[in-house]
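Biologist: Could you walk me through this protein? I am new to reading structures, so let us go step by step.

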Amino acid sequence: LPNSSSSSPPPSSSASAPAGKGEGMEGEGELSLQAVFSSSVAGSGFFGSGCGQEEMMMCMYPEALLMHYLLEPLADNECGVVIGAHHYNEISGHGSGISFEGARDLAKDPTPYDIYGRKCNALMLIDPLEAADIAECGMETVSREVFK
């Protein structure tokens, strides 16, 4: 436990912007967990014809590309997680209009590091079931998505 008599923050903490404040993907910022909708085979959209959240994440966080090679297809009760990924690239647009805007200035990144030297963030890939209408979703479908 931290020494309560010390008023200085531990080395891994940061006194910058509050959690969730940032630019880019929703929820990006200090101490964030980003849920990214993907296919059951991580990265298959990136190397195929996809143009969604998974592709945006892999463009911004190159470490996420390793999931394509290291993960088996996700089962109904599984998700893929990358902890401590660095946000290297700036992008704009989405879908087929996504474009590279340049390298991100890593010196200005407010995300602190944990005690293991990783960025205090996590990317979570989940493969939602397709449904054209909420009426198609029964309790079993909703339970699957919530428990992932």
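Biologist: Is Asp 109 buried or exposed?
Modeller: Keep in mind that this is a predicted model. Buried means under 20% relative accessible area. Asp 109 has a relative accessible area of 15%, so this residue counts as buried.

Biologist: Which salt bridge partner of Asp 109 is found ten residues away, and where does this partner lie?
Modeller: Asp 109 sits in the loop between strand 4 (99–103) and strand 5 (121–126), and the partner lies in that loop too. The N to O distance of this salt bridge is 3.1 Å.

Biologist: Which residues are linked with Asp 109 in a network of salt bridges?
Modeller: Asp 109 also forms a salt bridge with Arg 104, with the closest N and O atoms 4.0 Å apart. Arg 104 is buried, as is Asp 109. Together with Asp 109, the network links Glu 90, Arg 104 and Lys 119.

Biologist: Arg 118 and Asp 114 meet in a salt bridge too; which of them is partly exposed?
Modeller: Their side chains meet at 2.8 Å, N to O. Asp 114 has 18% relative accessibility, so Asp 114 counts as buried. The partly exposed one, with a relative accessible area of 33%, is Arg 118.

Biologist: And how confident is the prediction, as a mean pLDDT?
Modeller: Of the residues, 72% reach 70 or more. Over residues 1–24, though, the pLDDT is below 50. Where pLDDT is low, the predicted coordinates should not be read in detail. For the protein, the mean pLDDT is 74.

Terms used:
Residues numbered from 1 in each chain as written. Predicted model: local features only at pLDDT ≥ 70, side-chain atom pairs only at ≥ 80, totals over all residues. Heavy atoms only, no water. pLDDT = per-residue confidence, 0-100. Contact = heavy atoms within 4.5 Å. Buried < 20%, exposed > 50% of the residue type's maximum accessible area, 1.4 Å probe, protein only. Helix = DSSP H or I, 4+ residues; strand = E, 2+ residues; numbered from the N terminus.
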